[in-house]
Amino acid sequence: MRERANSREREDVLAERSGVGAFWPGRGRSVRRFAPRVAAGVVVTLLVISGCTPWGEEEHPSGYGEASVPAPLDIREASVRTAEGATLLGIEDLPGDIQVDAQNAFGATTRFREARASPDDAWVAVVTSGAAHSAGWLVRADSGAASPAAFQYGGRVTIGPWSDDGRHVVFAQEGPAGNRTLTVVDRESLGDSVEANAIPVRVEHHGELDPEAQRYEALGWVEGTLRFRLGDEPWVFDPASGAVEAG
């Protein structure tokens, strides 16, 4: 393992570099093809006008996430638009409910909260919310097909960093008890529910922590592994094996 000083330096570098699954097409809703608009580089980081902050409420170093914000976007409750007013995606293009597991689905698609395109513009990670819940989705840019990726009951979901190759993306779930956890979604291995698609990022002693101490923070990706913090401690998550090690 690296010395703590080197580890902390790597975290700061990652923080500066970081910006931050196929839904069942339509479920009776229209599916809009928006690949050309994504390729144009305008769907990258979309934040609701209310000021939702990705990855939690903490302050981050200057430049955190700036690299992936090439163009301002107009986020409305029912649509995502360019600064010029062209509609990129409508709320009606997503399923009305998010399938959490084989038995349960919840309404969490009332309005848009956030979205971010993959580095290769092939996919878009999207966050929506309902009356009390928040949902994360992966949407294919070429077809508009959406896959359930994340869900938080009585809380909110935000989007973390994409891996450099665009295969994995991080979602953060903020619960009503004050905890924040991370999940990773692999776009090459998608099923029909959040349970099937979300890979939990957890340290071995996660269950022993109080909710207030379960505050995970995604930093960025290095050589296919996710670097994150839990409190002041650096950790590394390997999505290929599911292993978590001190970093």
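Author: Start with T109, whose side chain reaches the backbone oxygen of P95 at 3.0 Å. This is a predicted model.

Reader: Which other backbone oxygen does the side chain of T109 reach?

Author: That of G96, at 3.4 Å.

Reader: And where is T109 found?

Author: In the loop between β6 and β7.

Reader: Is T109 buried or exposed?

Author: Buried, because its relative accessibility is 7% and the cut-off for buried is under 20%.

Reader: What does T109 touch, not counting residues up to four places away in sequence?

Author: I91, L94, P95, G96, D97, T128, S129, G130 and W137. P95 and G96 are in that list, and their backbone oxygens are the ones named above, at 3.0 Å for P95 and 3.4 Å for G96.

Reader: Ok, rings next. How many aromatic pairs does the structure hold?

Author: Three. In one of them, the rings of F106 and F151 have their centres 5.1 Å apart and their planes at 20°.

Reader: Why does that pair count as stacked?

Author: The planes of F106 and F151 are at 20°, and planes under 30 degrees apart count as stacked.

Reader: Where do F106 and F151 sit in the chain?

Author: F106 is in strand β6, residues 105-107, and F151 is in strand β10, residues 146-152.

Reader: What kind of pair do F106 and Y153 form?

Author: An edge-to-face one, 5.8 Å centre to centre with 80° between the planes. It also links distant parts of the chain: Y153 is in the loop between β10 and β11, 47 residues from F106 in strand β6.

Reader: And Y153 itself, buried or exposed?

Author: Exposed, with a relative accessible area of 53%. Ring pairs link Y153, F106 and F151 into a cluster.

Reader: Switching topic. Which residues have a positive phi although they are not glycine?

Author: D121 is one of them, with a phi of about 60°. E223 is another, with a phi of about 50°.

Reader: Why mention that?

Author: Because most residues other than glycine have a negative phi.

Reader: Where are D121 and E223?

Author: D121 lies in the loop between β7 (111-117) and β8 (123-129). E223 has its place in the loop between β15 (216-222) and β16 (225-230).

Reader: What about S79, buried or exposed?

Author: S79 counts as buried, at 6% relative accessibility. S79 is found in strand β3, residues 79-82.

Reader: What is S79 in contact with, leaving aside neighbours within four places in sequence?

Author: D74, T87, L89, G90 and F112.

Reader: Last one, the whole protein. How many helices and strands does it have?

Author: Three helices and 18 strands. Of the 247 residues, 52% count as buried. The accessible surface comes to about 11000 Å², and 47% of that belongs to carbon and sulfur atoms.

Terms used:
Residues numbered from 1 in each chain as written. Predicted model: local features only at pLDDT ≥ 70, side-chain atom pairs only at ≥ 80, totals over all residues. Heavy atoms only, no water. Phe/Tyr/Trp six-rings, centres within 6.5 Å; stacked < 30°, edge-to-face > 60°. Helix = DSSP H or I, 4+ residues; strand = E, 2+ residues; numbered from the N terminus. Buried < 20%, exposed > 50% of the residue type's maximum accessible area, 1.4 Å probe, protein only. Areas by Shrake-Rupley, 256 points an atom, 1.4 Å probe, with all protein chains shown as cover. Contact = heavy atoms within 4.5 Å. Polar contact = N/O pair within 3.5 Å; in protein donor to acceptor, adjacent residues only side chain to side chain.
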